[in-house]
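Biologist: Please take a close look at the aromatic rings and at the charged side chains that follow. I would like to know how they are placed and what they pair with.

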Amino acid sequence: MPVVRVYVPLGRAGLEELAGTGALAAGPGAPRTAYAVTSRLERLAPGLDVEDLEYAAFSDAVTAAAELRSAPADRRVVASADADASWVAPRDGAPVSKVVLTAPLPLARVASFHIDDEVTAGLEEEADELLWYDVTELDDVRSFFG
């Protein structure tokens, strides 16, 4: 079955959900927003290669992660994961990389976490300023939230 790399913005609650249940809930009545290379994104950026398209989707996820902060001292977090294509549905509107997960995303499908090096709320925030953590380092990522 084909997989789609998705970028899922997370806050403190999402990290705790992953650690506690081993999955991010999603499904009918409980869709979860994520970001991915979509056909709309490809049409709007015909000259970009796959890496550039993925970076565009990742950047949109980082922007959305800023909105999930429950406190000004929280850092932006994005999980990169490989979802079955059947779990991913396109979503209308902007940004064009926005998709919705229609099935739970198991921790086993998460490849890595990306988290701010330091708290950046209210500062100029760039997507390339995030640190990379392996999925096995979930507890380390959670520790940034106290």
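Modeller: Buried means under 20% relative accessible area, exposed means over 50%, and partly exposed is in between, with a 1.4 Å probe and protein chains only. This is a predicted model, in which local features need pLDDT of at least 70 and side-chain atom pairs count only at pLDDT 80 or more, while totals for chains, interfaces and linings use all residues. Residues are numbered from 1 along each chain as its sequence is written, and side-chain values use heavy atoms, leaving out hydrogens and water.

Phe 58 has a relative accessible area of 8%, so this residue is buried. Searching the whole structure gives three aromatic pairs (ring centres of Phe, Tyr or Trp, the last by its six-membered ring, within 6.5 Å; planes under 30 degrees apart are stacked, over 60 edge-to-face, the rest tilted). Helices (H or I, at least four residues) and strands (E, at least two) are DSSP runs, numbered from the N terminus. Like Phe 58, Tyr 7 is buried.

Phe 58 also pairs with Tyr 55: the ring centres are 6.3 Å apart and the planes stand at 40°, so this pair is tilted. Tyr 55 and Phe 58 are three residues apart in helix H3, so about one helical turn separates them. Tyr 55 has 39% relative accessibility and therefore counts as partly exposed. Together, Tyr 7, Tyr 55 and Phe 58 make one aromatic cluster.

The loop between H3 and strand S4 (77–84) holds Arg 75. Arg 75 is buried but has no salt bridge (a side-chain nitrogen of Lys or Arg within 4 Å of a carboxyl oxygen of Asp or Glu). Its nearest side chain of opposite charge is that of Asp 117, 5.3 Å away; Lys and Arg count as positive, Asp and Glu as negative, and His and the chain ends are not counted. The Arg 75 side chain does reach backbone oxygens, that of Asp 117 at 2.7 Å and that of Asp 116 at 3.1 Å.

Asp 116 also has a salt bridge with Arg 69, whose closest N and O atoms are 3.7 Å apart. Arg 69 is in the loop between H3 and S4 and Asp 116 in strand S8 (residues 110–116), so the pair ties together parts 47 residues apart in sequence. Arg 69 and Asp 116 are both buried.

Conventions
Polar contact = N/O pair within 3.5 Å; in protein donor to acceptor, adjacent residues only side chain to side chain.
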